[in-house]
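Reader: I have a structure open and want to go through some of its features. Can we start with the aromatic rings?

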Amino acid sequence: MKNQPLGGNEMPRFGGPGTFMRLPSAATAEGLDAAFIGIPMDIGASQRSGTRLGPRQIRAESTLMRPYNMWTRAAPFEGLQVADIGDVPINTFDLKDSVRRIETFYDEVLTHDAIPLTMGGDHTLTYPILRSIAKKHGPVALIHVDAHADINEHMFGESIAHGTPFRRAYEEGLLDAPNVFQIGLRGTGYGPDDFDTAREWGFNVIQAEELWYKSCAPLMDRIREQIGDRPVYLTYDIDSLDPACAPGTGTVEAGGLMTQQGLEIIRGCRGLNLVGCDLVEVSPPYDPSGNTAVIAGNFLYEMLCVLPGVPYGKA
Ligand code: MN
Ligand code: MN
């Protein structure tokens with residue numbers, strides 16, 4: 001019997017452990033197939049703060065989720081050994097030191113062959129994770145769902161911030177550029193280069209307007225066909241969703257994806273060789289209903305459901 005989330009008939013859903021889905025906690029990723037990890041960080045954010053509280057709130061709002069996926073029929077806890085291994089002890093007084101600490105933490109996680117599922121935290125954190133991932137897997141394909149391209153050269157003169165991770169990752173050769181997909185980009189910019197620079201690098205940029213009123217399933221069919229069996233990392237910025245769905249974030253843009261489209265994107269990753277996933281930019285102080293964190297928790301569960309090795313019930 002593998003680790004299971006604590007059920008609502010064993011302990012009321014408002015009680016019990018404060019781990020993701022009330023899973024068992026573990027000190028390390030040893031023996032795990034997948035590990036939930038929090039990174040309580042907002043010192044890379046450029047607008048509203050508060051994502052340091054994201055992991056705690058996502059865990060708190062993850063308690064209603066049950067183990068079986070009623071639509072896709074995934075039973076992730078039957079096939080994978082999963083636990084919550086806690087938070088990365090970042091240095092909240094030093095972003096560059098925090099980035100080093102994150103990379104060191106993930107280097108250790110990856111020695112155990114566990115797939116990391118990360119709760120942010122601001123989007124800076126994906127850069128050190130990708131550094132660690134590339135050491136193990138080489139340059140990876142990337143599915144990046146976001147309102148923003150996050151390819152700034154610098155922010156206020158700083159090379160490391162939540163708006164720069166994918167430029168740094170590209171420059172360092174951590175990404176397989178023709179197999180990078182940026183989905184949901186929109187809003188205002190300084191000029192066309194804000195998105196077109198990534199296109200020049202070979203990234204595939206799908207702006208939010210291209211997906212308005214549409215299913216994202218055909219897009220994901222195309223992405224799966226192109227990526228094939230390459231190792232792929234999924235990074236999901238909650239601000240890709242319309243603020244009507246997910247108001248609790250720091251850099252809000254109008255006209256975003258619907259929750260259903262986010263689910264289609266994540267479920268459309270089934271069959272890919274996923275080597276890591278993250279969900280970033282949940283800011284609880286701007287999430288008075290808690291629903292942004294609820295959606296974030298559900299999206300993390302859906303990511304778990306599409307990892308290699310997850311069994312599916314009869315259709
Ligand atoms: Mn982002
Ligand atoms: Mn964003």
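Author: There are seven aromatic pairs, where rings of Phe, Tyr and Trp (its six-membered ring) pair if their centres lie within 6.5 Å; planes under 30 degrees apart are stacked, over 60 edge-to-face and the rest tilted. One of them, F105 with Y106, is tilted, at 5.8 Å centre to centre and 50 degrees between the planes. This is a predicted model: local features need pLDDT of at least 70, side-chain atom pairs count only at pLDDT 80 or more, and totals for chains, interfaces and linings use all residues. Residues are numbered from 1 along each chain as its sequence is written, chains are lettered from A and ligands numbered from 1 in the order in which they are written, and side-chain values use heavy atoms, without hydrogens and water.

Reader: Is Y106 buried or exposed?

Author: Y106 counts as buried because its relative accessibility is 1%; buried means under 20% relative accessible area, exposed over 50%, partly exposed in between (1.4 Å probe, protein chains only).

Reader: Ok, helix 6. Which of its residues are buried?

Author: In helix 6, residues 193-201, they are F195, T197, A198 and W201. Helices (H or I, at least four residues) and strands (E, at least two) are DSSP runs, numbered from the N terminus.

Reader: What do the buried residues of helix 6 pack against?

Author: Helix 5 (165-171), strand 5 (175-185) and strand 6 (204-207), with contact meaning heavy atoms within 4.5 Å.

Reader: And what comes just after helix 6?

Author: G202, with a positive phi of about 105 degrees. W201 also belongs to an aromatic cluster with Y170 and F203.
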